Amino acid sequence: MYGVERSFIREILRVASSPEVLSLAGGLPLADLFPVDEIRAAADRVLMQDGASVLQYGASSGDAGLRSWIADRLCSHHGIPTTPDEVMITSGSQQGLDLCAKLFSDRPIAFEDPGYLGARLAFQASRVPLIPVPLNDAGPDLETLEQAFDTGAAVYYGMSRFQNPTGRSYTTATADTMAELLNRSDRWMIEDDPYGEISFGKTDSPLLARRVPERVVYLGSFSKSVAPSLRLGFIRAHCSLLEHLEPIKQATDLHTSTLIQSILRELLTGGEFNLDAHLSRICHTYQAQRDALVQAIETLVPGSRIPWVAGGGMFLWASLPVPTDELFGHAIKRGVAFVPGQHFYLQEPDRSTIRLNFTNVSERLIPDAVERIAAAVQDM
Ligand SMILES: Cc1ncc(COP(=O)(O)O)c(C=O)c1O
C-alpha cells in the first residue's frame with residue numbers, strides 16, 4: 001500500500017510537470033506571489049551584519065528571535081497562549097509530522113479520513129497503526145473518535161481549518177466537544193494548520209490549540225504564507241512534550257538551517273516586509289481562483305457536486321459523475337491533472353471524489369483546465 005501511494009504521487013508529479021498539462025494536482029502556492037526581492041534583501045542584511053554566526057551550527061530548538069516572533073503571533077493572531085520556550089522550529093511542518101510519528105509511535109494514532117497523505121506516509125514510515133475517523137460536515141465523527149481513544153489511540157491527527165484534501169473546517173460546536181473529550185480522556189491531538197492564515201473571511205476559530213493548548217501539539221508552517229522552499233515550520237507544544245521532541249529533532253537533523261531561519265527572522269522583523277499585507281494579497285488572489293474554479297465546475301461539468309466550498313486554504317473537493325481514478329488517464333491525455341480522491345482515504349474510498357488545487361493555475365486558465373476535465377468525462 002505504502003509503495004503504491006508513493007509511486008502514484010510520483011507519477012502525478014511527473015505528468016503534471018509537463019508544460020502541456022494544466023495541473024490542479026499538487027499543493028503548490030502561486031509562485032508569482034513569492035516575496036523574492038524582500039527575501040533577497042533580508043538575506044543580504046543577515047549575511048552582511050552576522051555573516052559568520054548565521055553560517056554556524058545552531059540550537060536544536062531553533063533561532064531565539066524567530067521563536068519569540070512565532071509565540072507573539074500565535075497569541076495575537078490565533079488566540080493560542082504561547083511562550084517562546086513552547087516553540088521548536090522544524091524543517092517544514094512535514095518534519096513536525098515525522099517527529100510526532102516518532103514520539104507517539106508506541107500507540108495507534110486516530111486519523112481523520114479522508115486525510116493528508118503526507119501525514120499518513122510519515123506515520124506509516126514509523127510503523128504507527130492508524131485508526132480511521134470519518135470526517136462529516138461538522139468535523140470528525142465524535143463517536144468513532146471516542147471509540148478510537150477507548151481502544152488504545154493516544155492521539156488524534158487532524159486539521160481543524162481548511163483541511164487537505166476536503167477544504168473543510170470543523171464547526172465550533174464540534175471543536176468544543178472535542179476539547180472536552182481530549183481533557184476527559186487525557187488524550188492528545190496533533191493539530192496540523194499549514195493553511196490557517198490563508199483564510200477568505202472572518203469565521204469563529206475552530207482551533208483546538210486555542211481551547212486546550214496543553215493537550216495539543218500544534219504544527220505551523222511558513223510554506224504557504226512565505227515560500228515552501230525555505231522548509232520552515234514549527235511545533236507549538238507544552239514544554240513537557242517538547243522536552244521529548246527535542247532529542248528526536250537532534251537525532252534527525254541536529255537543527256533546521258541557521259541561515260534560512262535568520263533570513264526569515266530578518267524578513268519578518270526587519271521592517272520592510274509586512275506579513276499581514278502579504279497574506280491579504282495571497283488571500284485576495286486565491287479567493288478569486290477558488291471562485292473561478294467553483295463556477296467552472298458548476299457550469300461546465302454536468303453531474304458534478306461540490307459538497308463544501310473551502311473558506312480558505314488551497315483545495316476544493318468535488319464529486320464527479322465518473323470514477324475519478326479511471327478519469328485520470330483520460331484527463332492527462334486532455335492536458336489536465338488532479339488527484340483522484342481515493343488516494344486520501346484509509347477506508348473504503350468514495351471513487352467519485354476529486355481533489356482540485358486552485359492556487360497554482362491562474363484565474364484566467366482555470367476555466368480552460370475545467371473544460372479539459374469536462375472533455376475527459378465525455379471521453380469516458
Ligand atoms: C496538511 C499539510 N500538512 C503539512 C504539509 C507540509 O508542509 P511543509 O511545507 O510545511 O512541510 C502540507 C503540505 O502541503 C500539508 O498540506
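Since the model is predicted, local features need pLDDT of at least 70 and side-chain atom pairs count only at pLDDT 80 or more, while totals for chains, interfaces and linings use all residues. Residues are numbered from 1 along each chain as its sequence is written, and side-chain values use heavy atoms, with hydrogens and water left out.

I start with the whole chain. It has 13 helices and 14 strands; these are DSSP runs numbered from the N terminus, helices being H or I of at least four residues and strands E of at least two. Along the principal axes, the C-alpha atoms fill a box of roughly 60 × 50 × 40 Å. For 380 residues, a compact globule would have a radius of gyration near 21 Å, and the chain agrees, with 21 Å. That radius is taken over C-alpha atoms, and the globule rule is 2.2 Å times the number of residues to the power 0.38.

Four strands form an open sheet in the order 10-11-14-13, paired antiparallel; two strands pair if DSSP finds at least two bridges between them. Strand 10 (305–308) and strand 13 (339–340) are at the edges with a single partner strand each, so one side of each has no neighbour in the sheet. Helix 11 (residues 275–300) packs on this sheet and touches strand 10, strand 11 and strand 14 (353–357), where contact means heavy atoms within 4.5 Å. The direction of helix 11 makes about 140 degrees with that of strand 10. Axes here are lines fitted to C-alpha atoms, for helices over the stretch in contact, and angles run from 0 to 180 degrees between N-to-C directions.

Strand 10 and strand 11 (residues 315–319) run antiparallel and are joined by two bridges. Which residue of strand 11 is the bridge partner of tryptophan 308? The partner is tryptophan 317.

Leaving out residues up to four places away in sequence, serine 304 touches Ile297, Ser319, Leu320 and Pro321. Its C-alpha atom is 9.2 Å from that of valine 322, 18 residues apart along the chain.

Now two helix pairs. Helix 4 (residues 92–103) and helix 9 (residues 239–253) pack at about 110 degrees, with axes 10 Å apart. They are therefore roughly perpendicular; angles under 35 degrees count as roughly parallel, over 145 as roughly antiparallel, 65 to 115 as roughly perpendicular and the rest as oblique. Residues in this contact include Leu99 and Cys100 of helix 4 and Leu245 and Ile248 of helix 9.

For helix 2 (residues 36–54) and helix 10 (residues 258–269), the axes come within 8 Å and cross at roughly 125 degrees. That pair is therefore oblique. Among the residues that meet are Ile39 and Val46 in helix 2, and Leu259 and Ile263 in helix 10.

Last, the backbone. Most residues other than glycine have a negative phi, and most peptide bonds are trans. The bond from aspartate 113 to proline 114 is cis, with omega near 5 degrees; proline 114 is in the loop between strand 3 (109–113) and helix 5 (117–125). Asparagine 164 and proline 165 are also joined by a cis peptide bond, with omega about 20 degrees. Proline 165 is in the loop between strand 6 (155–158) and helix 7 (172–185). Phenylalanine 162 lies in the loop between strand 6 and helix 7, and its phi is positive, near 50 degrees.
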